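Hi,

Here is the structure I promised to pass on to you. Have a look at it first, and then read my notes below.

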Amino acid sequence: MLTFEEAKARLETAGQSHVLQFWAELCAEERDTILEEISQLQPEELLEHCRAATAAASRHSSADDRLDERMEPVPLEFIGSVRKSDKETLQMWSDEGLLQISRGRVAVLLLAGGQGTRLGVSYPKGMYNVGLPSGKTLYQLQAERIRKVQELAKVKHGCKCTVPWYIMTSEFTLGPTENFFKDNEYFGLCPSNVVMFEQRMIPAVGFDGKIILEKKNKIAMAPDGNGGLYRALVDNKILEDMERRGVEYLHVYCVDNILVKLADPVFIGFCVKKGADCGAKVKIYCYPAEPVGVVCRVDGLYQVIEYSEIQPETSELRGPGGELLFSAGNICNHFFTRGFLKEVAEKFECQLKQHVAIKKVPFVDGEGNLVKPTKPNGIKMEKFVFDVFKFSKKFVAFEVLREEEFSPLKNADGAPLDTPTTARRSLLAQHYRWALAAGASFQDEQDKPIPSKHSMAQNEDPPAICEISPLVSYFGEGLEHFLEQKNLNSPFLLDENEAKNLVLQSPDFTEITLIC
């Protein structure tokens, strides 16, 4: 740990000597806390960070750098599609993905540095229970999908395999996440294959270029965005761990999507077959002004443009067939080769764009009093994970259906979109569709038939409640063994035990292989 003199000198070099203004009032423990924080800050980096923050905030408030005229859609030859591909092609991609998984070449990487503040909770989003009949959290659903896809690859290729799960946390989420996994015995996964690591925290800066103190002995810090991944991979030696395990392909995703298909064999297989070093799942825009970033090219380089940065007339442009020209919505669901991640981390991380967030940051004033500002007073800088697309030598996009693969959890109930209610509805509607496709029908508590409905609006609950454990089916496959010609009572929960009971009730159960 630094001495007081060393910390003072470091701060003076960066023009931030005010950070120690309350030193004489601090007890020994409080002094250790502030010295530990300062020890993590390199003076040259800190000086540049504060300078860049104030400069970026100035541009943020005054510049009008429109990209519309330089935008072009992703060329069709670099887009795959679930909707437009035939069954044989989709099966080919799936087979390739399962082959790579069976060889231990695939890992998943979860971006989980954010808290559930907008949900109204103080713990990590992955610990949130949206109210499913099973009571499962996002973390449990994701863990069980990993277990299932490992099992599918094992059955197809006859060898046990592992999909390592890398979880990037922050100062706010690491401890609670570690404890949650331990308390739940890692949801059946081997603990050595769940690798948690922490992204950097960086200081919030005032409009005067000075670091903000949130306490007399604590700097106001924030995670450096999900684009902090690339620095964290180096700082925590994660790339070396991947190499040691033989991982070549990474599926990277955000924690809040309840429908995410971890290590999706179809997506992995498509990207591998195309020889891609970087890929993005996209979903087609529902309407031109939908608040989702668009994947496109700008000056010939791939990137994501936020919906707020596009003029309405650009978002409404149509192609020859009447489809939206810029329709590839970003859902933070990406494919990277390990080689590409290594190249980005070593060569391009310092070139990533710094995005500005003007926030209300609580602070202590010159008298040491805590102030909760009523208007924005601070600058938080962050990088975005998708800003590396422009460094790709072979980028591809893969179009998926929103109702099958994208339902984020961002807001508390009461908001119009992306709430626990909408996430729960999306998953239960998907499982209801799976059950109908497998040949099931439903009845209510009075044993009256519930009319089947194969298509529903986004804000419409399914006619019957049906939840299917990921340990029984990864993406709707194999359910006819359990549900064909079955009349099910709503609500219905198909977990491992219920699946086994249904198998035993089947007249030809000896021919059925149960994977769970």
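**Around the cis proline**

Pro 491 sits in the loop between E24 and strand E25 (492-494). Helices (H or I, at least four residues) and strands (E, at least two) are DSSP runs, and they are numbered from the N terminus. The peptide bond joining Ser 490 and Pro 491 is cis, with omega at about 5°.

Before you go further, two notes on how to read all this. This is a predicted model, in which local features need pLDDT of at least 70 and side-chain atom pairs count only at pLDDT 80 or more, while totals for chains, interfaces and linings use all residues. Residues are numbered from 1 along each chain as its sequence is written, and side-chain values use heavy atoms, with hydrogens and water left out.

**The sheet with E24**

E24 belongs to an open sheet of 3 strands in the order E22-E21-E24, with mixed pairing. Two strands pair if DSSP finds at least two bridges between them. Strand E22 (449-450) and strand E24 (487-489) are at the edges with a single partner strand each, so one side of each has no neighbour in the sheet. Strand E21 (residues 441-443) pairs with E22 in the antiparallel sense, over 2 bridges. Gln 443 has Pro 449 in E22 as its bridge partner. In case this is new to you: strands of a sheet pair through backbone hydrogen bonds, either parallel or antiparallel.

Now look at Ala 440, in the loop between helix H13 (420-437) and E21. Is Ala 440 buried or exposed? Ala 440 is buried, with a relative accessible area of 8%. The cut-offs are under 20% relative accessible area for buried and over 50% for exposed, with partly exposed in between (1.4 Å probe, protein chains only). Leaving out residues up to four places away in sequence, Ala 440 touches Ala 435, Leu 483, Lys 486 and Leu 488. A contact means heavy atoms within 4.5 Å. Ala 440 and Phe 475 are 35 residues apart in sequence, and their C-alpha atoms are 16 Å apart in space.

**A covered strand: E15**

How many residues of strand E15 (residues 328-337) are buried? The count is 10 of its 10 residues. Both faces are covered: one side has Ala 328, Asn 330, Cys 332, His 334 and Phe 336, the other has Gly 329, Ile 331, Asn 333, Phe 335 and Thr 337, and all of these are buried.

E15 also has partners to find. Strand E11 (residues 249-254) runs antiparallel to E15 and is joined to it by 5 bridges; here Tyr 249 stands opposite Thr 337. Strand E12 (residues 278-284) is antiparallel to E15 too, with 6 bridges joining them.

**Another open sheet**

Three strands in the order E7-E19-E16 make an open sheet with antiparallel pairing. Its edge strands are strand E7 (205-206) and strand E16 (355-359), each of which pairs on one side only. E16 and strand E19 (residues 378-382) are antiparallel and share 5 bridges. Ala 357 has Lys 380 in E19 as its bridge partner.

**Two loop residues with positive phi**

Lys 237 has phi near 55°, a positive value in a residue other than glycine. Look for Lys 237 in the loop between helix H7 (229-235) and helix H8 (238-245). Lys 237 counts as exposed, at 55% relative accessibility.

Asp 299 has phi near 55° as well, again a positive value in a residue other than glycine. The loop between strand E13 (294-298) and strand E14 (301-305) is where Asp 299 lies. With 52% relative accessibility, Asp 299 counts as exposed.

**Zooming out**

Across the protein there are 15 helices and 25 strands. The radius of gyration is 25 Å, close to the 24 Å from the globule rule for 516 residues, so the protein is as compact as a globular protein of that length. That radius is taken over C-alpha atoms, and the rule is 2.2 Å times the number of residues to the power 0.38. The C-alpha atoms fill a box of roughly 80 × 55 × 45 Å along the principal axes. Buried residues make up 53% of the 516. Among contacts between residues at least 6 apart in sequence, 75% join residues at least 24 apart.

Happy browsing!
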